[in-house]
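Hi everyone, thanks for coming. Please have a look at the model first.

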Amino acid sequence: MMRTEYPWLLPSALADPLDQELPGDRGRERPRRTVRDWVVDICAFLFAALIGLLALEASAKAANGGGVLLADQLVGALACCAVWLRRRWPVVLAVALTLVTIPVPVAGGALLVSLFSLAVHRPFRPVALVGGLALASAVVQPLVRPEPDTSTLVAMAAGAVFVLLVIGWGMLVRARRQLLVALRERAHRAETEAELRAQQAQRLAREAIAREMHDVLAHRLTLLSVHAGALEFRPDAPKAEIARAAGVIRDSSHEALQDLREIIGVLRAPGAGDGEDGHRPQPTLASLETLVAESREAGMRVTLDNRVADPAAAPAATGRTVYRIAQEGLTNARKHAPGAEVVLTVGGGPGRGLTVEVRNPAPAEGPASDVPGSGQGLIGLTERATLAGGRLEHGRTDDGGFLVRSWLPWPS
């Protein structure tokens with residue numbers, strides 16, 4: 001919430017946005033007066049007293065007896081004291097002073113102050129009704145208490161002009177305050193929306209990073225798990241096989257560390273683009289051969305059917321998405337159907353889009369046990385394909401195997 005550095009210089013209706021009298025909400029707790037309000041109230045009291053003294057001097061010339069002059073003094077003093085209640089009961093006070101001013105002109109100053117407060121703190125309808133009553137009072141008052149030195153017509157016109165000027169000034173002040181409140185609310189709303197957008201962008205970035213970490217590291221860590229498990233269950237394997245498995249573990253660990261460093265580098269330097277100096281090239285459609293070779297070294301039986309005439313011509317983002325889909329499909333096949341032959345098919349071209357399929361039959365030794373986190377990678381791939389403008393389908397086939405199929409756009 002926006003705050004001013006010196007709230008005591010503002011009226012109470014603007015010092016705290018939660019304590020506003022501008023809309024006419026009378027059910028809210030009345031705001032406490034600020035230092036500025038006390039200064040304004042004192043000036044209003046002195047103004048009402050000054051106008052009352054001037055009116056009392058004129059009434060003394062026309063008074064027929066001391067009783068009338070004493071009554072004017074008492075009523076005028078009470079009217080000036082009533083000015084302190086103008087913030088709490090502006091409508092009631094304005095109506096009462098309007099009626100009192102007709103027989104007692106000394107209360108005219110207090111009436112002007114109450115009309116100003118009414119126009120500031122209340123909407124147009126009550127202001128118009130009380131203002132009409134005040135205009136009628138300004139016309140009737142010279143007839144009830146005429147002044148010897150002023151004509152009745154001039155007194156009527158002067159009273160009406162003063163009433164209209166005070167009400168117009170009060171309405172102008174109210175409109176300015178409403179504008180300030182509206183601008184402050186708009187600024188607060190803009191700050192809130194900006195904060196929400198930042199939180200949403202942060203959440204989306206976290207989801208993208210988590211999806212990228214899963215897609216990048218799952219393949220490497222699965223290779224580590226497979227070969228570490230082979231070394232654990234076959235400690236008597238030939239030295240050449242143990243050396244090959246240890247080499248795969250070493251290479252996969254190195255690749256996983258490199259991928260992790262890339263992701264951490266992105267976190268440390270937000271906005272860094274792909275291909276920035278110091279970052280390894282991102283995988284593309286032409287990198288599928290390397291991915292399949294790594295899987296074959298891990299002991300998988302993988303058949304690659306690449307029907308794309310020029311894989312290097314595929315858009316970088318689309319090729320990277322195809323690579324991640326193929327990587328996740330091979331990882332899932334290795335986890336859930338060990339030993340089964342996997343067929344990776346890629347086809348398409350400019351204008352037709354790219355199609356990638358990862359198909360594996362049912363495992364010969366029965367379904368593998370569930371792996372913690374199973375299904376999260378496919379959810380991430382579905383989101384990735386949707387963001388790229390394509391679609392992804394996955395599920396079991398009629399022979400008990402599993403199929404992952406995706407289509408991605410490739411503009412002509």
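Let's start with a term: a crossover is called right-handed if, with the strands pointing away from the viewer, the path from the first strand over the helix to the second runs clockwise. Helices (H or I, at least four residues) and strands (E, at least two) are DSSP runs, numbered from the N terminus. What you see is a predicted model, where local features need pLDDT of at least 70, side-chain atom pairs count only at pLDDT 80 or more, and totals for chains, interfaces and linings use all residues. Residues are numbered from 1 along each chain as its sequence is written, and side-chain values use heavy atoms, with hydrogens and water left out.

So, which hand does the unit of β1, α10 and β2 have? With helix α10 at residues 316-336, this β-α-β unit is left-handed. Its strands, β1 (residues 301-306) and β2 (residues 341-349), pair in parallel through six bridges; pairing asks DSSP to find at least two bridges between two strands. Along that pair, N306 sits opposite V346 of β2.

Now the whole sheet. It is open, has five strands in the order β1-β2-β3-β5-β4, and its pairing is mixed. At the edges are β1 and β4 (391-396), each pairing on one side only. β4 runs antiparallel to β5 (residues 402-408), joined by six bridges, and there L392 faces S406 in β5.

Finally, the helix α10 lies across β1, β2, β3 (353-360), β4 and β5, where contact means heavy atoms within 4.5 Å. α10 runs at about 5 degrees to β3; axes are lines fitted to C-alpha atoms, for helices over the stretch in contact, and angles run from 0 to 180 degrees between N-to-C directions.
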